[in-house]
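Work through the exercises below with the model open. Try each task before reading its solution.

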Amino acid sequence: MFSFLRPALLNDPKKALELLVKDPNFGLHLCNPNLRVDRKVVLAAVRKRGDDLEYADPVLRNDPKIALEAIKQNAYAFTFADPQLQSDPTFIEQAVSINGRTLAYMPQAQRADINLVKTAVVYDGTVLYKVAESLRDNASIVQLAVGNEGKALQWASERLRDDVPTVQMAVGTDGLALRWASERLRSDVQTVLRAVKNNGAALQYASDALRSDEHVVRTAIENEPTALQFASDTLQANKEVVYLAVRNNEVALRYASTYIKSQVGTLRATKHLGTTEALAHWIDQRHSRTEKQHLEDVIAKPTRKAAGKKPPRRGL
């Protein structure tokens, strides 16, 4: 691509700096070796693309400021820093502080250092996958990780994936982290409720029993109406539940029972009604005035039920 450039251009520091700003494809690897010892050019290059540190002169690869600028942009640049820097405790601490992902490219000794690990997982919880196995069973470290990235739960020890505080912190950050919780906690009402309040689609990872629990399912579809697809067959045929989902997103009707879809489809065709209107009309036909008012009252209630009370279940 740069064959049209005269060699002099790539020897000119000013032109190189200009290209580093203007051309997204231009990097230190396209500079004349004479420019790879130019501090300004190298700094500009690694700030744009950290792994360009690979092409810097060895003297500059041993420069802490330049190496840290590269690592800030791309953690992988740590592997191109001079070996002397890679073994320097102060530099290692600085590198992890500015980019926690750097820990993933460090030797096992650093990945087993509790202070470095804590710094790293606060920056990016997913670094937990590279942490020493013993620390993936450390509650304080894992909770820092899942508090930052719920999906980091997948790299926690089996014991901590069955630990209520740890799992609830993870699903509170990312409801879909329920996927990596133990079977016991995917059957725990409070843990699952916390997950579906964060992301209704987490319902797919709940136990069969809780996907048949009307309170849990209602909570999920209030967050994400299409979570109806993960409810049990019984609740996909429950008029109240389907109405709540469809009222908020008509696409959710595709996950209702075949019978409800056919009835709504017929009304849409014969009475020229919208999806929600057709569903409401069908419900109106099948309920007395008193029952329909009760249905509207149920729909209007907050998701959280009064202690010990459950809304009545209605069949077709």
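The cut-offs are under 20% relative accessible area for buried, over 50% for exposed, and partly exposed in between, with a 1.4 Å probe and protein chains only. This is a predicted model: local features need pLDDT of at least 70, side-chain atom pairs count only at pLDDT 80 or more, and totals for chains, interfaces and linings use all residues. Residues are numbered from 1 along each chain as its sequence is written, and side-chain values use heavy atoms, with hydrogens and water left out.

**Exercise 1.** Find which side chains meet Glu 18 in a salt bridge.

*Solution.* 
- Step 1: apply the rule, a side-chain nitrogen of Lys or Arg within 4 Å of a carboxyl oxygen of Asp or Glu.
- Step 2: Lys 15 meets Glu 18 at 3.5 Å, N to O. Both lie in helix H2 (residues 13-22), three residues apart. Helices are DSSP runs of H or I with at least four residues, numbered from the N terminus.
- Step 3: Lys 22 meets Glu 18 at 3.2 Å, N to O. Four residues separate this pair in helix H2, about one helical turn.
- Step 4: check accessibility. Lys 15 is partly exposed at 24%, whereas Lys 22 is exposed at 63%.

**Exercise 2.** Locate the two ends of the salt bridge between Asp 137 and Arg 159.

*Solution.* 
- Step 1: take the distance, 3.0 Å from N to O.
- Step 2: Asp 137 sits in the loop between helix H9 (114-123) and helix H10 (139-148), and Arg 159 in the loop between H10 and helix H11 (164-173), so the bridge ties together parts 22 residues apart in sequence.
- Step 3: read the accessibility. Asp 137 has 30% and is partly exposed; Arg 159 has 49% and is partly exposed.
- Step 4: Shared partners join Lys 15, Glu 18 and Lys 22 into one salt-bridge network.

**Exercise 3.** Classify the ring pair of Tyr 76 and Phe 80.

*Solution.* 
- Step 1: recall the rule. Rings of Phe, Tyr and Trp (its six-membered ring) pair if their centres lie within 6.5 Å; planes under 30 degrees apart are stacked, over 60 edge-to-face, the rest tilted.
- Step 2: the structure holds four aromatic pairs. In this one the centres are 5.3 Å apart and the planes at 85 degrees, so the pair is edge-to-face.
- Step 3: Tyr 76 is partly exposed at 37%, while Phe 80 is buried at 13%.

Definitions and conventions. Helix = DSSP H or I, 4+ residues; strand = E, 2+ residues; numbered from the N terminus.
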